[in-house]
Amino acid sequence: MSRGRSAATRKGGGPPAGGAATPGGAAPLEGGAATPGGAGCPEGGAAVPGGEGFPEEGPARPERSRSSAPPPASAASRRERPPRPPWDFGYAPVPTAACDDDGGPLDVVVAARRAVAPDAVIAALSARWSGVEVERIVERAPIFWLRVRSPDRGRRAEVAAALAAAGLPVRYVASAQRTSAAVAPRFDAAPADPARPGEGWAPRGASDEDEPVTPGRWFLRAEEGGIAVDRRRCGTGAGMRLGVIDDDGQAADELGLDREVLVLVEQPPRSQAHGALMVAWAVGVRRPGGFRGVAPDASPRLYLIPKPGGCVLALPVAIVQAVSDGADVVVCAAYIEGSTTPMLDDALEFAARLGRGGRGCPVVFPTGREASSPPDSLHASFSLGFGEPASDPRVFCVGPAARGEGWFLWRDRRRRSRPFANRGPAVRWLAPGDDLTCPLPPASGVEPAAERLCHAESSGASALAAGALLLVLAQNPALRVPELDALVRRTLDPVPPEAPASAEPVADRWDLLPEARDRDGHNAKHGYGRMDAGRACLAAGDPIALSLVLLGEDDAARAWHDARAARPLARGLYSRRLARWAVRALLADPGLCHGVCALARHARLTAGDPRRQRAHGAGVVLRHLSLLVRGLAVSRPAPARSPRVREELAALLDWLERAASDADAVGAVEARFGELAAAVFVGAAERSAPESAARARSAAPPVE
């Protein structure tokens, strides 16, 4: 998605102006795109590293000593330089921070520790500044923001001192116009009420509508680099609420929004459909036969903020508003570079600590696309600034993945590959960002095509990621944000750090750096890997399915999910409440998780083989089950156990102890375990071939 204010700083990015080719023949959306390479690049792109006459980025070359002998002729065109570390790339973001406005006419945000009357602030400041105006911005414990303006000049420290002298409980004073890396003083969240959905934001029930299989809907499939949405096992996100923050809402009437909320704007902006596309890809279009997104039964609200450049207040206010309203996930793909402030720090802390009833509300930002050339290089850096909102550690920063494999690259007019996203240490995950089905109907009077494609880029990737998180949370609403993070990360598809062969020819190989992963699997382009909603949803709601997914036995995990739904023997083992809590316990306790995975590995090795089962001796499976349930009951890292979970664990332990004292009961437990192991592993192997064939058929375009 092309977003931005100028050719030098763009959100999302897009093909260069001047008739550049678009990947897959898709029509670019409104808005120009950044020219790759930035200032100083020759026409057609950045220089190839090492090319004669083009300086490379890197440390300055030492001057040759006057007394040294001249180098041999063979070395005249190439000089020695230290090898580039495998994690390095041209890490130089576009500067977005404006100069500080401290000392100018007052336009500040006063953050108080409790509610303060605007008249009290005016009374405290009027002796020093004339024409003081105070506007209440947010009053929701523990956040109390007032905007203070005056035509007279003054410094923020002076404002804070005047308020403190009047006995007002000021936490900090910050600019309402300019970015700042200052961290807000901590607030006390303990007395504040956790955010819960109000009666006004009604959830949606589950629906069962046909979802046509088309080439442009590849992003929903397991093949071609999609996020593997399996409706039978992932569901539709029913009961979840999505808050989308954007600065434009054309075509919003197509979405079936729960509500459109204006944040510091008087009229909804209607010039582009960017916000509508974000809602539609994440959730869908609510009309008969309309497009169904990743989580089609989630309930969306669109929070519209001003265009960039007005003030830095709108984004944090919108986040606090969406979280307070009860959003389960918040996504913002508008241009937000240069909007880091103490207020944003407050808003993200509010989401993390008080969102979703205190479990935390995940906030998703895209990597964006900011092309620049550092002063000592002709190569475009495509770097996510470490001070930008998307680099905040409380944010899920999402980059775009290509259709097929790897990072999303586009083809220029000479059919050379160029990047479509920033790189950086904070990139968390990839989600599909290649050409996707355009979910909105064409303008009136335009003949509808069979299927239109449009660029998703990092904006669309963040919307798809938000939809995937809604599906996961619908499977286990008790997940806290750190647990959600751990679950998604452990179910990712790894992405090879090197560019695929299909990317050739590449315009500038520096664009593809770094070409290695760190030991923890992170790469500045790909983060930790590509999201897989199918795996994450399987793992979110059941501890056995989680262990099978961690083993790489996805077919077995699906078979276990189906057995829990259809077989009384599997369904009666434990309640859904205990299953959801046990998933959280395994994510928190590595030793306990290892024990469950060991049991799953044993089941895999003995499934359908009575001789192997007998070789380990009678009662060993019952012993392991008893130890694992005991571990769940006493694990210290595990989350708090509700009274019902404690009762069910105690009942399970009592039953296992009684069974251990009866030889017939021991044999019955072993036999049932073998039956379920065969159903999961042997049955899964028998079903995997037909399901794989069905998935392959669904990936192919329909026959005309």
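Predicted model: local features only at pLDDT ≥ 70, side-chain atom pairs only at ≥ 80, totals over all residues.
The protein contains 18 helices and 17 strands. Of its 704 residues, 54% are buried. Among contacts with a separation of 6 or more, 78% are made by residues 24 or more positions apart.

Strands of a sheet pair through backbone hydrogen bonds, either parallel or antiparallel. Here seven strands form an open sheet with parallel pairing, in the order 8-9-7-10-11-12-15. Strand 8 and strand 15 are the edge strands, each of them pairing on one side only. On average, and with direction ignored, neighbouring strands of this sheet are turned by 30 degrees against each other.

Strand 9, residues 299-304, may be followed in detail. All of its residues are covered, six of six being buried. The burial extends to both faces: Ser 299, Arg 301 and Tyr 303 are buried on one side, and Pro 300, Leu 302 and Leu 304 are buried on the other. Strand 9 is joined to strand 7 (residues 241-246) by six bridges, and the two run parallel. Within that pairing, Gly 243 has Arg 301 of strand 9 as its bridge partner. Strand 9 also pairs with strand 8, in the parallel sense and over four bridges; here Val 261 has Tyr 303 of strand 9 as its bridge partner.

Elsewhere in the sheet, strand 12 and strand 15 pair in the parallel sense over four bridges. Val 398 stands opposite Trp 429, a residue of strand 15.

A pair of aromatic rings is described by the distance of the centres and the angle of the planes. With ring centres required to lie within 6.5 Å, the count comes to five aromatic pairs. In one of them, the centres of the Phe 396 and Trp 429 rings are 4.6 Å apart and their planes stand at 35 degrees, so the pair is tilted. Because Phe 396 belongs to strand 12 (residues 395-401) and Trp 429 to strand 15 (residues 429-432), the pair ties together parts that are 33 residues apart in sequence. Both Phe 396 and Trp 429 are buried. A further aromatic group is the cluster formed by Phe 408, Trp 410 and Phe 420.

Aromatic rings also meet arginine side chains. Arg 84 lies over the face of Trp 510, 4.4 Å from the ring centre. Arg 489 is placed over the face of Tyr 528, with a distance of 3.7 Å from the ring centre.

An α-helix has 3.6 residues a turn, so residues three or four places apart point the same way. In helix 2 (residues 156-165), the residues Arg 156, Val 159 and Leu 163 are buried. Viewed down the helix axis, the buried residues of helix 2 fall within an arc of 60 degrees, so they line one face of the helix. Ala 157 and Ala 165, on the other side of helix 2, are exposed. The buried residues pack against strand 3 (105-112), helix 1 (118-125) and strand 6 (170-175). After helix 2 comes Gly 167, which has a positive phi near 80 degrees.

The last topic is backbone geometry. Most residues other than glycine have a negative phi, and most peptide bonds are trans. A cis peptide bond joins Glu 504 to Pro 505, with omega about -5 degrees, and another cis peptide bond joins Leu 513 to Pro 514, where omega is also about -5 degrees. Pro 505 is in the loop between helix 8 (481-490) and helix 9 (533-540), and Pro 514 lies in the loop between helix 8 and helix 9 as well.

Two residues other than glycine have positive phi values: Leu 264, near 60 degrees, and Arg 356, near 50 degrees. Leu 264 is located in the loop between strand 8 (259-262) and helix 4 (274-282), and Arg 356 in the loop between helix 6 (342-354) and strand 11 (363-366). With 38% relative accessibility, Leu 264 counts as partly exposed. Arg 356, with 6% relative accessibility, counts as buried, because buried means under 20% relative accessible area.

Terms used:
Residues numbered from 1 in each chain as written. Heavy atoms only, no water. Phe/Tyr/Trp six-rings, centres within 6.5 Å; stacked < 30°, edge-to-face > 60°. Buried < 20%, exposed > 50% of the residue type's maximum accessible area, 1.4 Å probe, protein only. Lys NZ or Arg CZ within 6 Å of the ring centre and 35° of its normal. Arc of directions from axis to C-beta. Contact = heavy atoms within 4.5 Å. Pairing = 2+ DSSP bridges. Axes fitted to C-alpha atoms, helices over the stretch in contact; angles between N-to-C directions.
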